[in-house]
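Take a look at the structure below.

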Amino acid sequence: MNIREIDNKYVANTYARFPVTLVKGSGSLVYDESGKEYIDMGSGIAVSSFGISDPVWKAAVEAQLDELTHTSNLYYTQPCALLAQMLCERTGMKKVFFGNSGAEANECAIKAARRWSYLKNGDGRSTIITLKNSFHGRTVTTLAATGQDSFHTEFGPFTEGFVYAEAENMESVKKLAQENSCCAIMMELVQGEGGVHALSKEFVNAVVEFAHANDMLVIVDEVQTGNGRTGSLYAFMEYGFMPDIVSTAKGLAGGLPLGACMLGEKTENALTAGTHGSTFGGNPVCCAGAISVLERIDDELLSQVKMKSKYILSRLEGAKGVKSVSGMGLMLGIECERAKAEVIGECMENGVLVLGAKEKVRLLPALNIPMPLLEKAMDVLVEALAK
Ligand SMILES: *Cc1c(COP(=O)(O)O)cnc(C)c1O
């Protein structure tokens, strides 16, 4: 059997994989088993922030592999402490909990919000407002938090205590807050899986003002938008407000599994010893990778992200077959005239890997994708869109 046959026989059927087996990569290039080269415009769903096997990242990870690979959270380790310090100093948040994924970062956010409310107001004020069309993860609780009916079947009973507001509709938010005992509102500032929709500043500012006037926390899910993706270190910085809780994961450790839930002034003491935990969370190797990633997300890199975003938009503006483009920074969605799957398939045939999100084609290249590769990828994509 070849790799695809073995995978289909032995790996659980949860993924509709593309018919490609990737065997190696370097930066924004990946290669399949036949040696065919592809320009990677998805970076493992916004994970490989500096591409595959980036030498600077690799050196940081390898150095840590030689020192200490795992200890559990029963002991202090340097990478975990220094990464938490770096995250707090660069965001203004106060404390960080480390897990291994986006869903876990969101689980922590939900637990912290509920416990904050419990300590402050007692039992019962536990409902969290999320937005329709959101995506917050695949655990039973984060599926419940996800504001899409299609995720709320077949795995019940789901965790109670989530209600779903219409994005861009403050009346909907206010009505839900009136009808329920809410402790928080949770949102992605750019809805990724839902089709790359950036929320408007007006709506986000109104939500923040309303939440804080009504003793509710603002949780932002930056699992996808975080770590430089939108052209700021975190997307909330583009919007100009301070959230109470920020979750992130995907690009944080540049290709290793690491999630973080950052707690602000109000919530920094919501979790105490024994109330939450993770065996792998804050693993020294993953944290060393993340420190290396964050150190390189500076103003220069962020301006490059914005410049490359503008370049992509300029190539798509008025291009044949393009109905609209949405998103921020290097997180962009293209509404196309052709079926999304046809565009993705044709790009793949011509050596470019792009993703989908709902009905759109989605671009999530490495933050440092070299301009010549980006130009080449856009040539292929523009041609596929025009057919
Ligand atoms: C990917 C994603 C998640 C889930 O992250 P996992 O690491 O797959 O658990 C949660 N929220 C958002 C916004 C995401 O994009």
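In this predicted model, Asp215 and Lys120 join their side chains in a salt bridge, 2.8 Å from N to O. Asp215 sits in the loop between α8 and β10, and Lys120 in helix α5, so the bridge ties together parts 95 residues apart in sequence. Asp215 is partly exposed at 27% relative accessibility. Lys120 is partly exposed too, at 47%.

The structure holds 13 salt bridges.

| Asp54 | Arg296 | 2.6 Å |

Asp54 bridges to Arg296. Asp54 lies in the loop between α2 and α3, Arg296 in helix α10, and 242 residues separate them. Is Asp54 buried or exposed? Its relative accessibility is 8%, so Asp54 counts as buried. Arg296 is partly exposed at 22%.

Asp379 is partly exposed at 41%, and Arg315 is partly exposed at 25%.

Salt bridges also form a network, which links Arg338, Glu342, Glu346 and Lys387.

Now the helices. α3 (residues 55-67) packs against α10 (residues 284-296) at about 150 degrees, with the axes 8 Å apart. The two helices are therefore roughly antiparallel. Their crossing is right-handed.

Last, the surface. Met1, Ile3, Ile6 and Tyr10 make a nonpolar patch of about 460 Å². Met1 comes in the segment before α1. Met1 is exposed, with a relative accessible area of 62%.

How values were computed
Residues numbered from 1 in each chain as written. Predicted model: local features only at pLDDT ≥ 70, side-chain atom pairs only at ≥ 80, totals over all residues. Heavy atoms only, no water. Patch = residues over 30% accessible without salt bridge, like charges linked within 9 Å, V, L, I, M, F, W, Y side chains within 5 Å. Areas by Shrake-Rupley, 256 points an atom, 1.4 Å probe, with all protein chains shown as cover. Salt bridge = Lys/Arg side-chain N within 4 Å of Asp/Glu carboxyl O. Helix = DSSP H or I, 4+ residues; strand = E, 2+ residues; numbered from the N terminus. Buried < 20%, exposed > 50% of the residue type's maximum accessible area, 1.4 Å probe, protein only. Axes fitted to C-alpha atoms, helices over the stretch in contact; angles between N-to-C directions. Parallel < 35°, antiparallel > 145°, perpendicular 65-115°, else oblique. Left-handed = near helix turned anticlockwise from the far one by under 90°.
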